[in-house]
Amino acid sequence: MDKRNLAFGRVNFILLAIGMVVVIIGFILMSGAGSDETAFKTEIFSTRRIVVAPIVCFLGFVSMIVAVMYKPKDDAQEREITKNSENQIVK
């Protein structure tokens, strides 16, 4: 398969995977035992569940958006930039 036909590159997939792992960690931080009909547990209002976990999830979703929008430089562009900079140094 031709690499030019793919929407995402290798870096995009790696960044997406990292973002997904961060989101999963956020959901794990949010989970835990809740209250039942017989007893009310104040553990559901812990700082970890209502502050830290949503922030971690939000950062994960933002990093996934960045991963989708990230466009790496083409090899041809990099070579041309390097070639132009070398020509400027020689002059």
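What percentage of the 91 residues of the chain count as buried? I looked this up first, and 13% count as buried, where buried means under 20% relative accessible area, exposed over 50% and partly exposed in between, with a 1.4 Å probe and protein chains only.

**Ground rules.** I note that this is a predicted model, in which local features need pLDDT of at least 70 and side-chain atom pairs count only at pLDDT 80 or more, while totals for chains, interfaces and linings use all residues. Residues are numbered from 1 along each chain as its sequence is written, and side-chain values use heavy atoms, with hydrogens and water left out.

**Overall layout.** I find three helices and zero strands in the chain, in the order α-α-α along the sequence; helices (H or I, at least four residues) and strands (E, at least two) are DSSP runs, numbered from the N terminus. Taking contacts between residues at least 6 apart in sequence, I see that 60% join residues at least 24 apart, a contact being heavy atoms within 4.5 Å.

**α1 against α2.** I looked up how these two helices meet, and their axes come within 8 Å and cross at roughly 165°; the axes are lines fitted to C-alpha atoms, for helices over the stretch in contact, and the angles run from 0 to 180 degrees between N-to-C directions. I therefore record α1 as roughly antiparallel to α2, given that angles under 35 degrees count as roughly parallel, over 145 as roughly antiparallel, 65 to 115 as roughly perpendicular and the rest as oblique. The crossing of α1 and α2 is left-handed, meaning that the near helix is turned anticlockwise from the far one by less than a right angle, whereas clockwise would be right-handed. The residues of this contact comprise 19 nonpolar, five polar and two charged, with Ala, Val, Leu, Ile, Met, Phe, Trp, Tyr, Cys and Pro counted as nonpolar, Asp, Glu, Lys and Arg as charged, and the others, Gly among them, as polar.

I also checked Ser63, which is found in helix α2 and is partly exposed at a relative accessible area of 24%. Ser63 and Val23 are 40 residues apart in sequence, and their C-alpha atoms are 9.5 Å apart in space.

Where does Glu43 lie? I place Glu43 in the loop between α1 (10-30) and α2 (47-69), and it is partly exposed, with a relative accessible area of 42%. Not counting residues up to four places away in sequence, Glu43 touches Ala33 and Arg49. The C-alpha atoms of Glu43 and Gly32, 11 residues apart along the chain, are separated by 8.7 Å.

Arg49 is in helix α2 and is buried, with a relative accessible area of 8%. Leaving aside neighbours within four places in sequence, I list among its contacts Leu29, Met30, Ser31, Gly32, Ala33, Glu43, Ile44 and Pro54.

**Aromatic pairs.** I count two aromatic pairs, by the rule that rings of Phe, Tyr and Trp (its six-membered ring) pair if their centres lie within 6.5 Å, with planes under 30 degrees apart counted as stacked, over 60 as edge-to-face and the rest as tilted. Phe8 and Phe13 form an edge-to-face pair, 5.8 Å centre to centre with 90° between the planes; Phe8 is partly exposed at 26%, and Phe13 is partly exposed at 49%. Phe40 and Phe45 form a tilted pair, 6.1 Å centre to centre with 45° between the planes; Phe40 counts as exposed at 56% relative accessibility, and Phe45 counts as exposed at 53%.
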